[in-house]
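Dear colleague,

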Amino acid sequence: LKYLQALAADLIGPHGGPIANLGFRIADGNIATDFAITPGHYYVDGILCELAPQSAPVPITKNPSGQYTVPLSSAASFTKLPQVLLCAEGLSVLTKVASVTQENVVTFPAAANTVLGKPNPRAYLEFTSFFKQTDYPLPSTSLVSGLVYLDVWERLVTYVEDDSIREVALAGADTAARSKLVCQVKLLANASSTVDLKSQFQPANRGRLMAQAKQTSTSTDPCVIAPDASYRGPENQLYRVEIHTGGMYTQSNPISPKGPTFKWSRENGSVIFPIVNLTPGSGTTTVVLENLGRDERFGLNENDWVEIQDDDYVLLNSAGTLLQVQSIESGSLTVTLAGTPAPPVGQDQSKHPLLRRWDQTAGDPAEGGLQLGLDNAALILEDSNDTNWLSLEDGIQIQFQPAAPRTSPHQYRTGDYWLIPARTATGDIEWPTGTALPPDGVDHHYAPLAAITLPESSVQVGVFLQNQFQHLPYVSPV
């Protein structure tokens with residue numbers, strides 16, 4: 001997959017799409033509250049992004065009299081729609097239908113002639129718009145002038161979010177997870193077409209982490225496991241350290257309780273409990289769960305920290321306040337949490353709400369214990385002093401490294417994470433000795449699509465920034 005994406009990026013460039021099936025183009029036209037996005041294919045850093053049409057395209061043909069006609073089965077539909085999306089060879093326009101005759105002749109405004117003059121024009125009676133994206137749940141607010149861009153990233157999907165991935169041959173056992181490519185068209189307010197999206201949203205200095213199993217002596221040979229390395233856990237684990245509340249780190253004394261913060265899980269954040277019902281109360285939240293876990297290791301206990309999530313929460317990359325388990329009634333699968341989540345997260349069953357367990361606890365800072373912030377996640381403390389490590393459990397220690405001299409402070413981003421494999425066979429973790437690593441993910445890929453301006457009460461789609469790669473001349477290598 002890596003080689004295929006590298007090949008596509010080398011041939012196409014940072015972003016581009018085929019003229020015959022160009023997707024993610026922002027349609028021309030003056031519209032007051034929304035704009036259309038064309039279905040089709042687009043490539044960002046070699047990754048294929050697909051936007052499926054919401055309905056089959058209607059072919060438009062020209063009769064001997066030079067009039068545009070549509071199939072008889074579709075003619076009646078054109079009379080009922082305020083707007084249709086016309087596409088042909090990389091061009092598109094959102095336009096009204098002026099008239100439809102009994103002979104299936106459709107008349108469009110003059111603004112559509114550019115598209116209709118291209119070979120094989122087609123009309124979409126249903127189409128995706130900015131505020132109606134499947135994977136980008138936005139409220140219908142007012143549009144503003146700015147840069148329209150594409151944000152591409154991978155989302156982890158389990159049986160909780162998509163029940164169809166269960167294996168029916170094994171009576172519906174949860175046997176796998178999936179990685180879903182998410183393509184979100186976003187709007188950066190008051191930005192020009194020259195803005196560097198990657199530097200703004202995915203800077204190189206997103207934090208660096210060191211990890212070790214607690215040692216009483218340090219070997220100078222990175223290939224030799226210290227004999228007194230002391231991962232003391234009884235199981236092989238995959239620890240996950242994830243940024244909860246992002247932001248710029250600033251050195252302060254005392255540490256600001258507002259963050260940035262992190263949370264961690266000994267099970268890679270995989271301990272989840274589907275929510276059947278959620279009832280916010282006065283200072284508490286009552287949650288009825290589908291189950292309480294299959295055993296003690298993957299279960300839930302009093303004083304655990306949990307996070308309420310759903311599809312919208314994940315797709316908008318949100319981070320709410322972590323809540324603590326007060327009590328558990330195993331008979332009714334009811335859990336009482338201290339505090340309430342921000343509404344409406346977790347209250348819509350169609351958005352697959354769940355409870356996710358995290359394993360951080362507060363401790364004595366003098367002994368490497370964690371300090372919890374206002375969001376109940378652990379406060380990030382940058383320190384390059386090898387004697388000042390943050391302790392997770394069973395000898396696992398981490399250290400956030402400060403930014404290198406003469407560079408800007410680290411910009412921690414919500415959702416970024418590091419993975420730390422811990423192994424009982426060696427009593428150690430799999431981590432390069434003395435090395436601070438950038439996050440393992442989540443990697444985002446960006447492409448500018450169009451610039452829009454807002455004259456008076458309408459949106460004018462302006463400069464198009466997409467790069468079409470079809471029929472490029474061959475350049476021989478030097």
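Phe400 and Tyr412 are both buried, in what is, please keep in mind, a predicted model. These two residues belong to one aromatic cluster, together with Phe262 and Trp418.

A search of the whole structure gives 9 aromatic pairs. One of them is formed by Tyr149 and Phe201, which are stacked at 5.3 Å centre to centre with 20° between the planes. Because Tyr149 lies in strand β15 (residues 146–157) and Phe201 in helix α4 (residues 197–201), this pair ties together parts that are 52 residues apart in sequence. Tyr149 is buried, with a relative accessible area of 5%, whereas Phe201, at 22%, counts as partly exposed. The rings of Phe400 and Tyr412, by contrast, have their planes at 85° and their centres 5.9 Å apart, so that pair is edge-to-face.

Two charged side chains also sit over rings: the charged end of Arg240 is 3.9 Å from the ring centre of Tyr417, and Arg294 lies over the face of Phe298, at 4.4 Å from the ring centre.

As for the strand, β26 (residues 354–358) has 5 of its 5 residues buried, with Leu354, Arg356 and Trp358 on one side and Leu355 and Arg357 on the other. Strand β26 pairs in the antiparallel sense with β21 (residues 272–280) over 3 bridges, where Leu354 is the bridge partner of Pro274, and, likewise antiparallel, with β23 (residues 305–309) over 5 bridges, where Arg356 is the bridge partner of Glu307.

With best regards

Note on methods:
Residues are numbered from 1 along each chain as its sequence is written. This is a predicted model: local features need pLDDT of at least 70, side-chain atom pairs count only at pLDDT 80 or more; totals for chains, interfaces and linings use all residues. Side-chain values use heavy atoms; hydrogens and water are left out. Buried means under 20% relative accessible area, exposed over 50%, partly exposed in between (1.4 Å probe, protein chains only). Helices (H or I, at least four residues) and strands (E, at least two) are DSSP runs, numbered from the N terminus. Two strands pair if DSSP finds at least two bridges between them. Rings of Phe, Tyr and Trp (its six-membered ring) pair if their centres lie within 6.5 Å; planes under 30 degrees apart count as stacked, over 60 as edge-to-face and the rest as tilted. A charge sits over a ring if NZ of Lys or CZ of Arg is within 6 Å of the ring centre and within 35 degrees of the ring normal.
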